[in-house]
Amino acid sequence: MSASLHLPWMEIAKTAVHDEARQHAKEEALAALVEQYAPTLYRVAFSVLRNAADAEDAVQEAFLRVLRHRDSLEEVRDHRVWLIRIVWNIVLDRKRRAKTRPETDDVSELARVLPATGLSAEETAAATQHHARVLGMVDKLPPKERQVLVLSAFEELSSVEIAAVLGVTESSVRSRLFRARNLMADLLERPRSVR
Amino acid sequence: MNSSQNQRVKTGTADSGEETLRVIANLPPPDGLVDRVQTRLRTAPRAGRVLSWPRAFAPGGWGYGRVVRGAAAAAIVCVVAGGGWRIYSHVQPGPSARVIVMPTPAEPTRGFSIGGSVHTPDPMRGPVLTHQVMPGPSEAGTPKPIPSQQHGANPAKKQGKGRKVSSAQPVDSQR
């Protein structure tokens, strides 16, 4: 075969190889994202759902959505915030649907997952009760304030990133956080009057 | 307690509440989470591969070229346009739907119809005789009944009148 011979399928074959390589690269990039951010996404999901199985489900669903839109992965600037935003929307949706779950489930799940190093059984139970009470008050906050407060507990998220996750401005994040802290303080000081 | 102290106490209380959220935010993920997610992603059905193309038409096959795809597109256009032309050429245009057939009038010779009007006779004006009516030969010999006889022939009326008479009888007797 002469070197000057140029047939269309030669070009096609090259394109196909290129496509396959690109596909493989995308899958590897996705695997790297899972490796890097799955624990963070799990913690975000757990902070809202407070159930290990539900949180893991939410993480899996988030990555399945990423898999479906893996062609647009290159366009994403900050993968971490993007992924947190995806899982955040998923957990909020699930929380809205699963409102009927009794609060006792939350407490027992909390007792199971909370670290109890160096604490007696009684102290662990007391700590669990305290955390459950605080979480019950967090649930009483207005949704906007509650969301900012929950996300602000993640030390790795700045106010700019929280704003990006929630789709609001940074100043509104700050004002909401301020309001949320005041409301929490009021609730913790006189919890019965609010009920 | 002044406002700054009050604010400090509030901040301290809120911090104790946020501590719980921080504890939850820093919980370690369960073991094997990453592996499970990776497995799930590997086993997940890929979008767009539900209907898989034959190898020849898949990327890399001979049927994936620009020329072949162009020919396929042209064939689809031909089929669609040909089908449309066939239908268009076979369908005969029917009579114009704007022609409205009006019902023929009952008496077309007069020109105008009555327009739905109904003649109502005036009961106050009786019919006027224009000529003398002569009685027929059979009716000529028959005497006309006398009104008093006719009155007496009716028993019902007689009874009715009798009642009136009976009520008036005492008056007659009194006379």
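How many residues of chain B are in contact with chain A, and how many residues of chain A do they meet? Hi everyone, let's start there. In this predicted model, 29 residues of chain B touch 41 residues of chain A.

Where on chain B do those residues come from? Two helices, α1 (3–25) and α2 (33–43) of chain B, each supply at least two residues of the side that touches chain A.

Chain B has six helices and zero strands, so please read its pattern simply as α-α-α-α-α-α. Of its 175 residues, 6% are buried. Chain A also has zero strands, with nine helices, and from the N terminus on its elements run α-α-α-α-α-α-α-α-α. In chain A, buried residues make up 30% of the 195 residues. Here is one more number for chain A: take the contacts between residues at least 6 apart in sequence, and 63% of them join residues at least 24 apart.

Let's step inside, to the nonpolar core. The largest one has 52 residues. Those with the most contacts inside this core are A:Leu41, A:Ala45, A:Ala58, A:Val59, A:Ala62 and A:Val87. Helix α1 of chain A, residues 8–49, gives the core its largest share, 11 residues. Setting aside its neighbours within four places in sequence, A:Leu41 is in contact with A:Val59, A:Ala62, A:Leu83, A:Ile84 and A:Val87.

Staying in helix α1 of chain A, have a look at A:Thr40. Is A:Thr40 buried or partly exposed? A:Thr40 counts as partly exposed, because it has 19 C-beta neighbours inside 10 Å, and the cut-off for buried is 20 or more. A:Thr40 and A:Arg80 are 40 residues apart in sequence, yet their C-alpha atoms are 8.8 Å apart in space.

Next comes A:Arg50, which is found in the loop between α1 and α2 (52–68) of chain A. This arginine has 22 C-beta neighbours inside 10 Å, so it counts as buried. Its backbone deserves a look too: phi of A:Arg50 is near 55°, a positive value in a residue other than glycine.

Further along chain A we reach helix α6, residues 143–152. Seven of its 10 residues are buried, so this helix is largely enclosed by the rest of the structure. The buried residues of α6(A) are A:Glu145, A:Gln147, A:Val148, A:Leu149, A:Val150, A:Leu151 and A:Ser152.

My last stop is a pair of helices in chain A. We describe two packed helices by the angle between their axes and the distance between the axes. For α7 (residues 159–166) and α8 (residues 170–189) of chain A, the angle is about 100° and the axes are 8 Å apart. That makes α7(A) roughly perpendicular to α8(A).

Which residues meet where α7(A) and α8(A) come together? From α7(A) we have A:Ser159, A:Val160, A:Ile162, A:Ala163 and A:Leu166, and they meet A:Glu170, A:Val173 and A:Arg174 in α8(A). By class, this contact has five nonpolar residues, one polar residue and two charged residues.

As for α8(A) itself, this helix has 20 residues and reaches 29 Å from its first C-alpha to its last, close to the 28 Å expected at 1.5 Å a residue. Its buried residues are A:Val173, A:Arg176, A:Ala180, A:Arg181, A:Leu183, A:Met184, A:Ala185 and A:Leu187.

Technical notes
Residues numbered from 1 in each chain as written. Chains lettered and ligands numbered in written order. Predicted model: local features only at pLDDT ≥ 70, side-chain atom pairs only at ≥ 80, totals over all residues. Contact = placed C-beta atoms within 7 Å. Helix = DSSP H or I, 4+ residues; strand = E, 2+ residues; numbered from the N terminus. Buried ≥ 20, exposed ≤ 12 C-beta atoms within 10 Å, placed from the backbone. Axes fitted to C-alpha atoms, helices over the stretch in contact; angles between N-to-C directions. Parallel < 35°, antiparallel > 145°, perpendicular 65-115°, else oblique. Nonpolar A, V, L, I, M, F, W, Y, C, P; charged D, E, K, R; others polar. Expected span 1.5 Å × (residues − 1). Core = buried A, V, L, I, M, F, W, Y, C linked by C-beta atoms within 7 Å.
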